[in-house]
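Subject: Structure for your review

Hello,

Here is the structure I said I would pass on. Please look through it with the notes that follow.

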Amino acid sequence: SAMVISMSMMAVATTGIGLLPSYATIGLWAPITLLGLRIMQSIAVSPEYNLPSVFIKNNQWCSKHFGFVSSISACVTGLGMMSASWVMSKMLANYSLASMPEFQWRWPFIIAGILVGTLGIYLRWNLDESLIIARPKAVPLKLVLTKQSTDFLQAVFITGYVGCMSYALFGFLVHQLQAVKLLHPGDALRVLGHGSLLPAIFSLIAGYLSDKITRNFLMLISAVCMGVSGYYLFSGLHSMELSQTITATCIMLASLGFFAGSFPGYLAELFATEYRYTATFLAYNIGMSWVGGMSPLLFINVSKQHYIWPAVIIAVYSLLVSLLVAKPLVTFADRSPKMV
């Protein structure tokens with residue numbers, strides 16, 4: 001029921017953005033309504049990443065292949081990023097953001113909203129809940145922080161890392177390519193397009209391997225690769241050739257996918273069954289919104305002081321995450337609250 005409600009809210013909000021009257025038509029109500037619809041999207045998407053992982057973990061068949069099946073959520077997130085970049089690059093091929101015809105930007109929202117509202121809700125209404133072997137229950141945050149406070153903070157920190165690296169690539173890099181390389185917005189998005197399929201592919205590879213190899217080890221490898229490639233990319237963006245920029249971007253995108261593919265299983269198994277839904281829900285959304293969501297603003301401001309600072313932040317953050325996941329190279333799948 002929760003997944004159907006969230007999908008319905010997303011469908012209404014997304015379609016509403018596409019159909020929203022302009023400022024010339026309804027005045028100040030246009031930006032106010034847009035803000036309201038964006039908040040509605042945020043509320044709708046907040047359980048979308050971790051709720052399916054918890055559902056899958058408590059499913060009889062999926063739990064046997066949990067690493068691979070849970071990585072599908074990271075895969076389709078990568079496909080969403082890829083398709084959004086591709087659509088925007090095509091839309092901006094012959095226009096700037098200011099000169100784009102009004103309805104050209106509306107169609108992706110309208111089409112996506114209709115697809116979400118039909119196919120997505122239909123699929124969720126037909127989920128076979130009889131296969132659930134352990135139904136998640138709401139647990140007070142106080143209890144989570146009492147029993148697994150260290151794990152909760154670790155989950156927030158690592159989730160923030162995923163968000164930070166994602167926004168560094170899909171937000172800040174596009175900004176820098178226009179500001180530093182003086183690329184047209186469409187061309188800047190096409191740089192990402194060269195490797196936009198890599199996160200989806202490598203997330204599935206990591207998910208498959210995570211059923212055979214410790215997830216911490218896979219995350220360690222990818223965090224190191226992201227730190228090195230991220231530092232090289234953002235510190236050398238001013239001087240490197242466009243081909244070098246594309247290569248470094250592709251390496252970082254592949255590393256991000258590899259990390260993200262191991263991450264859903266890691267996050268779900270970090271907590272005991274009784275706390276899993278509440279803890280992962282809150283940790284993911286706090287980390288993704290406050291750490292990840294604020295990172296582009298941080299990068300833009302520190303880059304004004306010196307262009308190398310974003311690269312330093314990415315490298316240091318990657319180092320800290322590497323040390324964190326390298327320390328406990330064990331899984332937490334069968335822990336009970338008494339063992340915490």
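Which handedness does the crossing of α7 and α8 have? The crossing is right-handed. Please keep in mind that this is a predicted model.

Some detail on that helix pair. Helix α7 covers residues 141-179 and helix α8 covers residues 185-193. Their axes lie 9 Å apart, and the packing angle is about 130°. On the α7 side, the contact is made by L169, F170, L173, V174, L177 and Q178. On the α8 side, P185, A188, L189, V191 and L192 take part. Sorted by class, the α7 contact with α8 has ten nonpolar residues, one polar residue and no charged ones.

Next, the buried part of α8. The buried residues there are P185, G186, A188, L189, V191 and L192. They pack against α7, and also against α5 (66-91) and α11.

Last, a serine in α11. Helix α11 runs over residues 242-269 and contains S255. Is S255 buried or exposed? Its relative accessibility is 7%, and buried means under 20%, so S255 counts as buried. The S255 side chain reaches the backbone oxygen of I251 at 2.8 Å. Leaving aside residues up to four places away in sequence, S255 touches S222, C225 and M226.

Regards

Key:
Residues are numbered from 1 along each chain as its sequence is written. This is a predicted model: local features need pLDDT of at least 70, side-chain atom pairs count only at pLDDT 80 or more; totals for chains, interfaces and linings use all residues. Side-chain values use heavy atoms; hydrogens and water are left out. Axes are lines fitted to C-alpha atoms, for helices over the stretch in contact, and angles run from 0 to 180 degrees between N-to-C directions. Helices (H or I, at least four residues) and strands (E, at least two) are DSSP runs, numbered from the N terminus. A crossing is left-handed if the near helix is turned anticlockwise from the far one by less than a right angle, and right-handed if clockwise. Contact means heavy atoms within 4.5 Å. Ala, Val, Leu, Ile, Met, Phe, Trp, Tyr, Cys and Pro count as nonpolar, Asp, Glu, Lys and Arg as charged, and the others, Gly among them, as polar. Buried means under 20% relative accessible area, exposed over 50%, partly exposed in between (1.4 Å probe, protein chains only). A polar contact is a pair of N or O atoms within 3.5 Å; within protein, one must be able to donate a hydrogen and the other to accept it, and residues adjacent in sequence count only if both atoms are side-chain atoms.
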